[in-house]
Amino acid sequence: MSTSLTPREIVAELDKYIVGQHEAKRMVAIAIRNRWRRQQLDPALREEVAPKNMIMIGPTGVGKTEIARRLAKLCASPFIKVEATKYTEVGYVGRDVESMVRDLMEIGVALVREEENIRVRALAEEKAENRLLDLLLPGTGQENIYAGPGGAGHMADYVAYPDGVAPASSAPYASDRAAGERTREKFRSMWREGRLDDREVEMEVEQSGGPRMEIMTIPGMEQAGEQFQDAFSKIFPKKRKRRSLNVRDAYQLLLQEESAALIDEDKVAEAARKRVEETGIIFIDEIDKVAIPANGQRGADVSREGVQRDLLPIVEGSTVNTKYGMVRTDHILFIAAGAFHFSKPSDLIPELQGRFPLRVELTPLGKDEFLRILTEPHNALTRQYAALLETEEVRLEFTPEALEEVASFAEVTNRETENIGARRLYTIMEKILADISFDAPEQPAHSLMVDAAYVREKLADVRTNTDLSRYIL
């Protein structure tokens with residue numbers, strides 16, 4: 001876990017994937033560093049330090065969600081993104097807002113379990129390999145005489161060869177422990193070299209013991225439905241069935257079983273609960289949609305204010321019942337985001353405003369930022385498309401002038417239609433490379449250079465027809 005990174009180091013890591021928005025990066029870096037500082041405090045004082053919740057303000061496609069997601073990945077923190085509007089779809093208060101904490105807990109458990117799988121992987125691989133050899137060589141090292149097509153002999157004499165027949169020079173012999181071990185090690189080497197991948201073995205696999213019951217719940221009762229589903233599933237315990245699998249697939253199933261056997265699920269749940277409580281991040285998008293503008297219509301105001309009041313206890317700190325136990329939200333970091341085109345943060349109810357003390361405005365993206373997005377990040381679109389086409393043995397390159405043309409057109413399109421930020425680059429790049437992507441499988445290995453003239457040719461129709469660009473781009 002990289003929670004000990006300094007704010008400067010956190011910003012440097014975010015810069016690898018996100019262009020601009022320096023102020024927002026600084027703010028989230030400080031919030032994460034404060035978590036590390038809090039852990040160094042005396043326990044009595046530690047409980048009094050509240051997380052620095054914040055609101056990110058800016059149009060869509062400028063990096064709000066990506067900053068939070070990359071930050072959580074950098075710190076190995078449980079992270080979930082929810083839409084505030086989800087809680088207005090049903091009735092006045094919509095879906096139970098506590099469900100976001102339960103979902104975060106599920107993510108935390110999966111995160112810790114994956115780390116535990118990595119920790120025990122070496123031992124699990126060893127055990128799975130031994131079980132696989134037991135399937136390939138049943139009775140190895142024991143008295144196990146097999147009457148094969150070539151006469152009586154040890155079973156390994158026959159299974160070691162594709163046609164199941166040992167060469168004539170291989171005289172039958174009574175099995176003993178040393179011979180069994182030699183055969184076993186020979187098979188181990190063959191397995192590690194991949195020479196047994198396509199062999200088939202029979203093994204028992206776990207399957208669901210009964211039909212799954214879909215339970216309809218009313219809003220606010222999702223937790224009760226989950227508990228009933230768990231209880232119902234225990235009535236039908238899982239059964240095991242013999243199946244024929246190739247060695248490669250059988251090994252993966254054995255590896256999963258051995259990893260599960262080496263992991264203590266109670267400890268996983270406890271570690272996940274602590275991590276969720278101490279380092280969890282909940283990103284609440286579209287928060288502006290539940291704000292009540294000063295000149296707003298009264299029709300939806302009750303629903304919007306109801307959602308805000310339901311969010312309030314979760315954000316300010318409460319205890320939520322989950323299938324893994326009680327989870328406190330006092331120190332979970334909440335990051336809210338919204339465009340706030342028709343409302344402003346002050347339109348939120350005062351109590352909720354007070355729980356988001358930090359505000360940062362993200363700037364709209366222009367030509368210069370689009371050009372940097374196309375070239376600088378580790379996951380730049382140009383690199384993604386080049387890597388995809390390279391799988392077809394097509395080498396794709398872009399001239400600097402072509403990328404400038406794309407960036408300029410993205411800026412103009414955002415200004416004249418809807419401003420969707422960097423997402424505009426996806427639609428433009430798809431239109432430019434559509435023919436290349438379609439024809440790549442039928443063309444021999446070659447190199448392609450996309451220049452400014454090619455970009456202008458592919459965008460000519462939408463450039464001259466603004467109405468068409470609204471539908472296509």
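Is Gln-21 buried or exposed? Gln-21 is buried, with a relative accessible area of 7%; buried means under 20%, exposed over 50% and partly exposed in between, for a 1.4 Å probe and protein chains only. The model is predicted, so local features need pLDDT of at least 70 and side-chain atom pairs pLDDT 80 or more, while totals for chains, interfaces and linings use all residues. Residues are numbered from 1 along each chain as its sequence is written, and side-chain values use heavy atoms, without hydrogens and water.

**Loop residues**
- Gln-21 sits in the loop between α1 (7-15) and α2 (22-39) (helices, H or I, have at least four residues and strands, E, at least two, as DSSP runs numbered from the N terminus).
- Although not a glycine, Gln-21 has a positive phi, near 55 degrees.
- Phe-340, in the loop between β10 (333-338) and α13 (350-354), is not a glycine and has a positive phi of about 55 degrees.
- Phe-340 is buried, at a relative accessible area of 10%.

**Nonpolar cores**
- The largest nonpolar core has 58 residues, of which Met-56, Ile-432, Leu-433 and Val-450 touch the most other members (a core joins buried Ala, Val, Leu, Ile, Met, Phe, Trp, Tyr and Cys residues through side-chain atoms within 4.5 Å).
- Another core, of 38 residues, lies apart from it and includes Ile-55 and Leu-352.

**Largest pocket**
- Its lining has 39 residues, with Thr-60, Gly-61, Val-62, Gly-63 and Arg-423 nearest the centre (a pocket is an open set of points on a 1 Å grid over the protein atoms alone, where a 1.4 Å probe fits, with protein on both sides within 12 Å along at least five of seven lines; lining residues have an atom within 4 Å of a point).
- α4 gives the largest share of this lining, four residues.
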